[in-house]
Amino acid sequence: MTTFNKSFTQQEAIPDAGIERALEVMRSGRLHRYNSAACEPTETELLEKEFADYQGSRYCLACASGGYALHVAMRAVGVNPGDKVLCNAFTLAPVPGAIHNAGGVPVFVETTDDFTIDLDDLESKATAADVHYLLLSHMRGHLADMDRLMAICNRHDVVVIEDCAHTMGASWNGKKSGSFGQVGCFSTQTYKHMNSGEGGFLTTDDDEVMARAIIYSGSYMLYERHLAAPPKETFARIRFETPNYSGRMDNLRAAILRPQLANLDKQCRRWNELYRITEAGLKQIPCIRLPERPEAEEFVASSIQFALPNQNEADIQRFLKRCDTRGVPLKWFGDADPKGYTSRFDSWRYLGEAPSLPQTERVLATMCDMRLPLTFDEADCRLIVRIIAEVCDELFLSAEPGAHSS
Ligand SMILES: *Cc1c(COP(=O)(O)O)cnc(C)c1O
């Protein structure tokens, strides 16, 4: 029996240029983002400028984590305690966590069979008079129809904040994810598209939102020491009104990230090559369904999701177990018991009684998820596909009348 022996959580090494720059920062002793020699721009300041340029946004703030960026974004756009915030029901725990951290109340929106936010459900929920915000998660890199989504939100005066933890580098119709809403948030945590262990970005074109975000992040009164920030006049009033929620990035992380940013588009192409091979292979397996991905969606597939739409919960559990024994540990968001990084909306019990989201439950019940780290090559992807195909064959095909038995 063939098994797969590589780790799905093994990322590539930090590029040598990043390691060298990090060593320089450590040798200088100036790790704090505002600690510079003779007012030279620090690694963090330069990184912010470079990421703003990459995104095509006016401003960028580097901070301690993606979840922190989401929290500060909520605050900076004006979410007040008790405010409702629309949010995908299919997302990762830091997303409702960021809303909760800002005092907001998540209102979950259903999920389509293609794993994006359901725009019909969004429209019906955005119509409510007391709903003014959407924290949109491009979950697992799947972009909804952004033209339609923005039209809905504009029609109902809903401010959009994008969680781009899985879409750094991705676009919709040539426009970067993160540049549709008022704020874009990104993560540079190890399992995302750039790796600094922990870290995140917040981007926006809005002067006041960025000024607030910078002060929230813990700039003290050093906000003029930012290269991708609004003019200092913007800070005049808000600097007295905005608390310091300390969550800066430091020069060591920024030093590691700058060479990765220079290489990001190339890495994105490599992910998509692995994805295309895996997708093509999985498409050949009769019991597996791959999501439709519209042409306008220029995704970055650092992971792959697929469904086994005709299988029940017991079948899925057996399938996962058999794949796992053969070295292919798949994630399953349908599990009633949250495991590892995956949890479902009904396990965020601090939010009170779980809402009824039958469509999301149905979609998550049969959806499997797998990372495609760049430490894999084409042969690895083919072997993984082969194992999944064999397991499907053993479990599901042979049970059908007339199917071959092996
Ligand atoms: C990782 C992630 C976050 C949070 O990022 P951290 O840097 O880990 O705080 C937010 N949303 C999604 C969808 C994520 O995957």
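Phe 51, Tyr 54, Phe 186 and Phe 201 form one aromatic cluster. Rings of Phe, Tyr and Trp (its six-membered ring) count as a pair if their centres lie within 6.5 Å; planes under 30 degrees apart are stacked, over 60 edge-to-face, and the rest tilted. The model is predicted: local features need pLDDT of at least 70, side-chain atom pairs count only at pLDDT 80 or more, and totals for chains, interfaces and linings use all residues. Residues are numbered from 1 along each chain as its sequence is written, and side-chain values use heavy atoms, without hydrogens or water.

Tyr 54 of the cluster also has a charge over its face: Lys 176 lies 4.1 Å from the ring centre. The criterion is NZ of Lys or CZ of Arg within 6 Å of the ring centre and within 35 degrees of the ring normal. Arg 293 lies over Phe 299 in this way, at 3.9 Å from the ring centre.

The whole structure holds 14 aromatic pairs. In one of them, Phe 4 and Phe 376 have ring centres 5.2 Å apart and planes at 80°, so the pair is edge-to-face. The two residues are 372 apart in the chain: Phe 4 precedes helix 1 (16-28), and Phe 376 sits in the loop between strand 13 and helix 13 (378-397). Helices (H or I, at least four residues) and strands (E, at least two) are DSSP runs, numbered from the N terminus. Both Phe 4 and Phe 376 are buried. Buried means under 20% relative accessible area, exposed over 50%, partly exposed in between (1.4 Å probe, protein chains only).

The rings of Tyr 223 and Phe 235 are arranged otherwise. Their centres are 4.1 Å apart and their planes at 5°, so this pair is stacked. Tyr 223 belongs to the loop between helix 7 and helix 8, and Phe 235 to helix 8. Tyr 223 is buried at 8% relative accessibility, Phe 235 at 1%.

Now helix 7 itself. Of its 10 residues (207-216), 7 are buried, so the rest of the structure largely encloses this helix. Among the buried ones are Val 209, Ile 214 and Tyr 216. Their cover includes strand 1 (59-63), helix 3 (66-76) and helix 8 (235-241). At the helix start, a side-chain oxygen of Asp 206 comes within 3.0 Å of the backbone nitrogen of Glu 208. Just after the helix, Gly 218 has a positive phi of about 105°.

Last, a sheet. Its 3 strands are open, antiparallel and ordered 11-13-12.

Key. Two strands pair if DSSP finds at least two bridges between them. Contact means heavy atoms within 4.5 Å. A polar contact is a pair of N or O atoms within 3.5 Å; within protein, one must be able to donate a hydrogen and the other to accept it, and residues adjacent in sequence count only if both atoms are side-chain atoms.
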